Amino acid sequence: MYNFSFKNPTKLIFGKGSISKISQEISKDKKIMLVFGGGSVKKNGVYNQVAEALEAHDYIEFWGVEPNPTYETLMKAVLQAREHQVDFLLAVGGGSVIDGTKFIASAIPYESEPWELVLNDKTIKQVVPLASVLTLPATGSEMNGGAVISKKSTQEKYAFHHPLIYPTFSVLDPESCYSLPKEQIAAGIADTFVHVLEQYLTKTNQSMVMDRFAEGLLLTLIKLAPKLMLNHQNYDDMANFMLTATMGLNGFVGMGVMQDWATHLIGHELTALHGLTHGVSLAVVGPALMQVMRKDKEDKLIQYAERVWNIKGKDKNETIDTAIDCTEKFYRSLGIKTKLSEHGIGEDAVTEIVRRFTERNTILGENQNITPDKVKEILDVCK
């Protein structure tokens, strides 16, 4: 196990009716900006709950943060927040809204070009404090210090991280997810599954604790998925999924172990170029990456096969083949198409993604050996 330092400062407020508690968490002397997406919170009752909880507070609203939040939209919020001298931000929505709010929080006090914050997160020195009310389990953004922002004008998408952008608190009420479309539930399950795999599917014998923690989360998702796809209005099932999504990317699973994240970085390019839903992009890339990098990940793939899928093949290759097949079938059981051709994405996208990684001299993977040529191999398997 590697040496590590760990701290997660986010306070979780979990459970039915918990949105009302935000009034106790934000001082009444704060000027708040509420940050929203497209308006679903007005249909599911979350907006009314937030407004009621903050009736004694001074706040303004910003609407319109899109899935895969764009720099262009978020800068409108930054200008509005500066104009009204906002000193607290509350994201109400899914991971995209929370990610966008993290950028807004970083950009408000920044005096230079704010896109610099995304390209080099070391430039973040000061942020406006933020919190969240989560309405879509998937990204784990409600309890981590990361965000992913797109720039529409250049079709780019990058992640940035900083300890100052952890939410001070996050409210998770499973009932707020009851009105979600099944497609979003499916993408959230896939997103969470891959978050765990990125931290787990590297090298064996690093940490017994982290291995079992990760395997427990994966097994939980496998058990919950068919129930959620049939009915995601069962409180206990949704509560377990919501907590699994949070625990999948709040730093707990990754303590002291190697991490990969190549699937995410390749997937980001598919989203930037073709608007592919984030969780869907991961379901497309993930199995192909396992296939191409199977020698490097051989021992951990076998452990994954045996412990998560209960597979015992006649030899290593059969065991690994079956594990990869089970993973892809799991995504397909959610209704997710796992091939580029099924999403209308062809060779042009592959060429452009490889060109971008080559131009940036980007090398991916836990062993830093996924070169642009390997990226092409992986995308070719995705076709």
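This note goes through the predicted model point by point, from the overall fold to single residues.

1. Basis. The model is predicted: local features need pLDDT of at least 70, side-chain atom pairs count only at pLDDT 80 or more, and totals for chains, interfaces and linings use all residues. Residues are numbered from 1 along each chain as its sequence is written, and side-chain values use heavy atoms, with hydrogens and water left out.

2. Overall make-up. The protein has 15 helices and eight strands. Both are DSSP runs numbered from the N terminus: helices are H or I with at least four residues, strands are E with at least two.

3. Dimensions. The radius of gyration is 20 Å. A compact globule of 383 residues would come near 21 Å, so the value agrees with that expectation. The radius is taken over C-alpha atoms, and the globule rule is 2.2 Å times the number of residues to the power 0.38. Along the principal axes, the C-alpha atoms fill a box of roughly 65 × 45 × 45 Å.

4. Burial and surface. Of the 383 residues, 60% count as buried. Buried means under 20% relative accessible area, exposed means over 50%, and partly exposed is in between (1.4 Å probe, protein chains only). The protein exposes about 16000 Å², and carbon and sulfur atoms supply 50% of this area. Areas come from the Shrake-Rupley method with a 1.4 Å probe; for residues, only the protein chains shown count as cover.

5. Contacts and charge. Take contacts between residues at least 6 apart in sequence: 77% of them join residues at least 24 apart. Contact means heavy atoms within 4.5 Å. There are 40 positive and 46 negative side chains, and the centres of the two sets lie 2 Å apart. Lys and Arg count as positive, Asp and Glu as negative; His and the chain ends are not counted. Each charge is placed at NZ of Lys, CZ of Arg, CG of Asp or CD of Glu.

6. Helix 12. This helix spans residues 298-308 and is mostly covered, with eight of its 11 residues buried. Among the buried residues are Glu 298, Lys 300 and Gln 303, along with Leu 301, Ile 302 and Tyr 304. The cover includes helix 7 (182-200), helix 8 (208-230), helix 11 (278-292) and helix 13 (316-333). Asn 310 follows the helix and has a positive phi, near 55 degrees.

7. Thr 327. This residue lies in helix 13. Its relative accessible area is 0%, so Thr 327 counts as buried. Beyond neighbours within four places in sequence, Thr 327 touches Phe 193, Met 290, Tyr 304 and Trp 309. Tyr 304 is itself one of the buried residues of helix 12.

8. Ala 187. Helix 7 holds this residue. Ala 187 counts as buried because its relative accessibility is 10%. Outside four places in sequence, its contacts are Thr 277, Gly 279 and Ile 336.

9. Glu 269. Glu 269 sits in helix 10 (residues 262-274). With 2% relative accessible area, Glu 269 is buried. Its side chain makes a polar contact with the side chain of Arg 356 at 3.0 Å. A polar contact is a pair of N or O atoms within 3.5 Å; within protein, one must be able to donate a hydrogen and the other to accept it, and residues adjacent in sequence count only if both atoms are side-chain atoms. Leaving aside neighbours within four places, Glu 269 is in contact with Ile 353, Arg 356, Phe 357 and Arg 360.

10. Positive phi. Most residues other than glycine have a negative phi. Gln 155 has phi near 55 degrees. Gln 155 is in the loop between strand 6 (146-151) and strand 7 (156-161), and is partly exposed at 37%. Asn 361 also has a positive phi, about 55 degrees. Asn 361 lies in the loop between helix 14 (347-360) and helix 15 (372-382), and is exposed at 63%.

11. Asn 44. The loop between helix 2 (40-43) and helix 3 (46-53) contains this residue. Asn 44 is partly exposed, at 22% relative accessibility. A polar atom of its side chain lies 3.0 Å from the backbone nitrogen of Val 46. Apart from neighbours within four places in sequence, Asn 44 contacts Ser 176 and Ser 179.
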